[in-house]
Amino acid sequence: MKFIEMTGGTLISALHEDELSPDELRKAGVAEATIVRINQQGDIEVRRPEGWDIIGGLIGDYEKRIQKASGLGWA
């Protein structure tokens, strides 16, 4: 599966109003410098010491938003 990795701060800047709020991300343990990744299905995963946890998802035209916000392609 391919992903785009970024910081929590970059993810927060790319969110739409009808997706997870910054407060919801903070409650899930996502801070500005937290490593997160988005898969091609739009799932948001956060890096934990023991692995990755899915904490939510993106909707709409998230592919272009995530690529623009992160400056990265799918890897």
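Biologist: Which backbone nitrogen lies 2.9 Å from a polar atom of the side chain of N39?

Modeller: Happy to start there, keeping in mind that this is a predicted model. N39 belongs to strand β2, which covers residues 35-39. A polar atom of the N39 side chain lies 2.9 Å from the backbone nitrogen of Q41.

Biologist: Is N39 buried or exposed?

Modeller: Leaving aside neighbours within four places in sequence, N39 is in contact with M1, K2, F3, E45, Y62 and W74. Its relative accessibility is 3%. Buried means under 20%, so N39 counts as buried.

Biologist: And E17, is that residue buried or exposed?

Modeller: E17 sits in the loop between α1 (8-14) and α2 (22-27). Its relative accessibility is 87%. The cut-off for exposed is over 50%, so E17 counts as exposed.

Biologist: How many Å apart in space are E17 and S70, C-alpha to C-alpha?

Modeller: Along the sequence, E17 and S70 are separated by 53 residues. In space, their C-alpha atoms are apart by 19 Å.

Biologist: Back to the strands: in what order do the four strands form the open sheet?

Modeller: Let's go pair by pair. β1 and β2 are antiparallel and share five bridges, with E5 opposite R37 in β2. β2 also pairs with β3 (residues 43-48), antiparallel over three bridges, and β3 is joined to β4 (residues 51-57) by six bridges, again antiparallel. The order is therefore β1-β2-β3-β4.

Biologist: Which strands stand at the edges of that sheet?

Modeller: An edge strand here has a single partner strand, so one side of it is left without a neighbour in the sheet. From one strand to the next, the twist averages 30°. The strands at the edges are β1 (3-7) and β4.

Biologist: Which residue in the turn between β2 and β3 has a positive phi?

Modeller: β2 and β3 form a hairpin with three residues between them. In the turn, a positive phi of about 95° belongs to G42.

Biologist: What is the bridge partner of R47 in β4?

Modeller: β3 and β4 form a hairpin too, with two residues between them. Across that pairing, the partner of R47 is W52.

Biologist: Which helix lies across β1 and β2?

Modeller: Look for the helix at residues 62-70.

Methods. Residues numbered from 1 in each chain as written. Predicted model: local features only at pLDDT ≥ 70, side-chain atom pairs only at ≥ 80, totals over all residues. Heavy atoms only, no water. Buried < 20%, exposed > 50% of the residue type's maximum accessible area, 1.4 Å probe, protein only. Polar contact = N/O pair within 3.5 Å; in protein donor to acceptor, adjacent residues only side chain to side chain. Contact = heavy atoms within 4.5 Å. Pairing = 2+ DSSP bridges. Axes fitted to C-alpha atoms, helices over the stretch in contact; angles between N-to-C directions.
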